[in-house]
Amino acid sequence: MTKGFKHYWLWLPIVWALSILLITSIQLPELARENNEVGFVFVSEKHEHANKLLAAFVRTANQKGFIPVPTTSEDSRVVEKEKLDALIDRGVEAIFVTTLDEAFIRPSLERAEREGIPIIAIDRMIDHDSVLTSVMSDNVEIGRMAANHIAAQHAGLDRPIRVVEVRGTAKVRSTIDRSLGLTEYDKANDNLQVVASITGNYDTFQAEIEMSRWLDAGIPFDAVFSHNDDNTFGVVRALESHGLSDKTLVSVDGVTGIYPLIHSGKVDATVVQSPNEMIEVGFKALEHHLNGKKIASHYYSSSYLYEGLAKD
């Protein structure tokens, strides 16, 4: 892997996010200047998928006549709650949130409900009455898609396919559901076995460390299901450093840096999510709510498995 790959793709989403945040001015004064401001608390500007959600939020809010007020929780549950409370104090029209820990922010969600501020969960399912709706990928199905693809790649084996799962952040609903989809397939089929589940925390560096530590044990395996592309970048580095190039690796998200790895054969496939669609559906739900229309408790956005140009 070249030095340019290790560093260039990491800076692009950061610069992108900082530019958007600077343009939209995310400082949170005590009171809203307008009654049509919509807040968005997103996890971190470190992740390209989060930056795509952010860009879609700003663009769609402006198109629909809302004033976007985005702010990041900096991958901190404490900061996330503080930012939610600040937006509630500001008196925004609504709040979009991509949460790290729905249980931790529940008091803020309940407070928003009391003050008549609708909460729309984005890229997460939040099962609570205080949330207007949740818009996300069907993450259980994503886990199943990954399992089915791995099974198809190893159809000729006369034993169970040994899979290592590199999970996302603990307690985050997308992590739980993607893992559930994989384990449901494991339980329902005798051709696949999850031999290890390690935590990558949706972070390249941590995923590389944890995967390398597990590889050092020398336990046989055939495939890896990585919960997102940031994890996968670390997994690829770990595999390369251990001289392994024959493992099936399935990822999730569809960020820019993953496609060269798929085309070069280092990654087998990724499940591409639809951040633009998530935000668009979220705003449609908000508009229906403001017009007194009933909306569903959750909506699934589309996703699909990408295996490379030659396989499309």
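Predicted model: local features only at pLDDT ≥ 70, side-chain atom pairs only at ≥ 80, totals over all residues.
A pocket is an open set of points on a 1 Å grid over the protein atoms alone, where a 1.4 Å probe fits, with protein on both sides within 12 Å along at least five of seven lines; lining residues have an atom within 4 Å of a point. Of the 23 lining residues, Val43, His47, Arg124, Tyr202 and Asn228 are the closest to the centre. Helix 2 (48-63) and helix 6 (173-188) each give two or more residues to the lining, and helix 2 gives the most, with 3 residues.

| Class in the pocket lining | Residues |
|---|---|
| Nonpolar | 5 residues |
| Polar | 9 residues |

Of its 25 residues, Val38, Phe57, Phe96, Ile122, Ile279, Phe283 and Leu286 touch the most other members. Strand 1 (37-42) and helix 10 (275-290) are among the elements that supply at least two residues each. Leaving out residues up to four places away in sequence, Phe96 touches residues including Val41, Ile120 and Gly282 (contact: heavy atoms within 4.5 Å). A second, separate core of 23 residues includes Ala196, Leu215, Leu239 and Tyr306.

Helices (H or I, at least four residues) and strands (E, at least two) are DSSP runs numbered from the N terminus.

Residues are numbered from 1 along each chain as its sequence is written, and side-chain values use heavy atoms, without hydrogens and water. Local features need pLDDT of at least 70 and side-chain atom pairs count only at pLDDT 80 or more, while totals for chains, interfaces and linings use all residues.

Technical notes:
Nonpolar A, V, L, I, M, F, W, Y, C, P; charged D, E, K, R; others polar. Core = buried A, V, L, I, M, F, W, Y, C linked by side-chain atoms within 4.5 Å. Buried < 20%, exposed > 50% of the residue type's maximum accessible area, 1.4 Å probe, protein only.
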